[in-house]
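Hi,

Here is the model I promised to pass on. Have a look at it first, and then read my notes below.

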Amino acid sequence: MSDAVKTDLPAPAPPGVKTAGGIALLWRTRWFGVGFIALLLALWELAAVSGWVPSMSFPRMSAVLATWWEIIISGELVGELLPSILRMFAGYFIGVALGVALGLLMGYFRFFYSLLEPITEVLRPIPSPAYLPIVILFLGIDDEMKIFMISFASLFPVLLNTYSGVRGVDPIQLQTARTFGVTGWKLLWQIVLPSAAPYIFTGMRVSLAVALIVMVISEMVAASSGIGYFILSAQRGFKIREMFAGVLTLAVVGYVLNRLFVAIENKVLAWHYGYTLQQRN
Amino acid sequence: MNASRPFLSIRGIHKAFAAPGGTTVALNGIDLEIARGSFVSIIGPSGCGKSTLLQIMAGLVEPTSGAVFLDGRKVDGPPPSVIYVFQQYTRSLFPWKTVERNVAFGLENRERLSRETIIARTREILALVKLTGFERYFPWQLSGGMQQRVAIARALACRPDVLLMDEPFSAVDALTRVGLQELVRGLWRELGLTVVFVTHDVDEGVYLSSRMVALSRAPARIAIDLPIELPYPRDQIATRALPEYLDYRARLLAQLFADEGLVSTEAA
């Protein structure tokens, strides 16, 4: 979650540092950090080959990658991953839609705030694994349970951020809309929602990471398919290379999802970045 | 220019605000009859409630007592024919909308017009404020003066009868300000608007207006109500050099300075 945020920041350019030549500048580029990952993986390989770590639970990196490649081309991995991803998105979008709707209502109508704020504060801090057993009791261990778990956990970051965004709408914008006769639901849709969009996106990004976590957890606790199930059953069956391959898969999925999210956010909120940049100057 | 029938009537306006340890009276009985087509500037010491009075006229703020009537009808919420132009144009323009979409905002919501009509009218108004070619820009990509012209264009697109402007030029540099003054003065005469203009700048008020109203310190009453009978067309250099202009200016400044507790007539 946190590394996802970091990678989106522009690389800081320290002032006054003058370096000559391409190699000297390498440490400023992205490749420097990528190279560091490669170095760590090489150390892993070395540690496994030299037997510093018991090889039973610590296979060589090259073996992990080979296994990874095997289960990719055999279609086994996609077979496990695809249902997981579909469940995750189903839950995520339900959670986002409810979170935005409730956040708008709570931010905009005092009535809904008074009604829903206490229950939000009570439910929000419960870690999702804690209510998983209850959900299993009512919804079983199939897709319904997982989608419910994911959407419930994704709801709160979006709700809270949407609420903050609505409360933060510039009153001058609201007054301007009123002078043009725009009130009520039209005001909510035309002014409040776009104005709160940067906050909503922040919440959605947090929720995306949460959705991935809850997806894996719910599949580890109760499932007969899915990437979480795959990782856990590989570990139980001492298929250690498969286990590591599954974890690597999740790293890739998390990374790709975040990149996609950032690309969409940059497109939708292009105005926001321009606006804040201009305000700062 | 001055039709005698009252068009915008402000009757017995009081406004009190909750303050620590009681209430603060901002406006203490304001009566004004504004004729159709006039250009009235309201000046007064800072914090006297000029902006509040303007917001009450716009139907954006409710008076504690008294009422505003527009063409005989009581103002109860923002009337369609009255548009309020905010001082803070950077905050009043919608940053997620392009210039064109900002200007079309009122049209899209006020009237049932076809897409083509809206585009045509938007282009027409943008030409009027000399912003042709900037349709697809975002407001924050423009200079301050241009942004305020977008805000004015957005207001004019709805073809209002009354334009209420709250210190609209206070955040731009002196030359831009002169340009905007000429723009608003031109539009006022061309479109037959009624303008109520809040300013802290006496010179700007006298130059633009057909009438000046000076409020006293809060709790504010009307201290001076002065018709400005300077000849038209007005000119930034010639008009400002007329003895009458200087006389109006001196009288208003004397009132303002006395109110602020500044003892000097030499400064004028």
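The centres of domain 1 and domain 2 of chain A, taken over C-alpha atoms, are 33 Å apart. In the domain assignment, domain 1 of chain A runs over 17-58 and domain 2 over 65-280. Bear in mind that this is a predicted model. Its scores are ipTM 0.86 and pTM 0.84. For chain B the average pLDDT is 90, and 96% of the residues score at least 70.

Next, how the chains meet. On the chain B side, 21 residues are in contact with 16 residues of chain A. Strand S6 (82-85), helix H2 (89-92) and helix H3 (99-110) of chain B are the elements that give two or more residues to that side. H3(B) gives the most, with 4 residues. Sorted by class, the chain B side of the contact has 14 nonpolar, 5 polar and 2 charged residues.

Then the core. The largest nonpolar core holds 134 residues, and those touching the most other members are A:Ala211, B:Met57, B:Val85, B:Ala153 and B:Leu164. Helix H9 (residues 184-221) of chain A supplies the largest share of this core, 15 residues. As a general point, nonpolar side chains tend to be buried together in soluble globular proteins.

Which residues does B:Ala153 touch, leaving aside its neighbours within four places in sequence? They are B:Val103, B:Ile125, B:Leu126, B:Val129 and B:Leu131. B:Val129 is in the loop between helix H4 (115-128) and H5 of chain B. Is B:Val129 buried or exposed? B:Val129 counts as buried because it has 22 C-beta neighbours inside 10 Å, and the cut-off for buried is 20 or more. Again leaving aside neighbours within four places in sequence, B:Val129 is in contact with B:Arg149, B:Ile152, B:Ala153 and B:Leu183. For a sense of scale, 22 Å separate the C-alpha atoms of B:Val129 and B:Ile237, which are 108 residues apart along the chain.

Now some backbone details to check on your screen. There is a cis peptide bond between B:Ala218 and B:Pro219, with omega about -5°. B:Pro219 sits in the loop between strand S9 (211-215) and strand S10 (222-227) of chain B. Another cis peptide bond runs from B:Tyr232 to B:Pro233, where omega is near -10°. B:Pro233 is in the loop between S10 and helix H8 (243-260) of chain B.

I also noted two residues with a positive phi:

- A:Phe238 is not a glycine, yet its phi is positive, about 55°. A:Phe238 lies in the loop between helix H10 (227-236) and helix H11 (240-268) of chain A. A:Phe238 has 10 other C-beta atoms within 10 Å, so it is exposed.
- B:Arg159, also not a glycine, has a positive phi of about 50°. B:Arg159 is in the loop between helix H5 (144-157) and strand S7 (162-166) of chain B. B:Arg159 has 17 C-beta neighbours inside 10 Å and therefore counts as partly exposed.

One reminder for when you browse the rest: where pLDDT is low, the predicted coordinates should not be read in detail.

Cheers

Note on methods:
Residues are numbered from 1 along each chain as its sequence is written. Chains are lettered from A and ligands numbered from 1 in the order in which they are written. This is a predicted model: local features need pLDDT of at least 70, side-chain atom pairs count only at pLDDT 80 or more; totals for chains, interfaces and linings use all residues. Two residues are in contact if their C-beta atoms, placed from the backbone, lie within 7 Å. Ala, Val, Leu, Ile, Met, Phe, Trp, Tyr, Cys and Pro count as nonpolar, Asp, Glu, Lys and Arg as charged, and the others, Gly among them, as polar. A nonpolar core is a set of buried Ala, Val, Leu, Ile, Met, Phe, Trp, Tyr and Cys residues joined through C-beta atoms within 7 Å. A residue is buried if 20 or more other C-beta atoms lie within 10 Å of its own, exposed if 12 or fewer, and partly exposed in between; C-beta atoms are placed from the backbone. Domain bounds come from an automatic or database domain assignment. pLDDT is the predictor's confidence in each residue, from 0 to 100.
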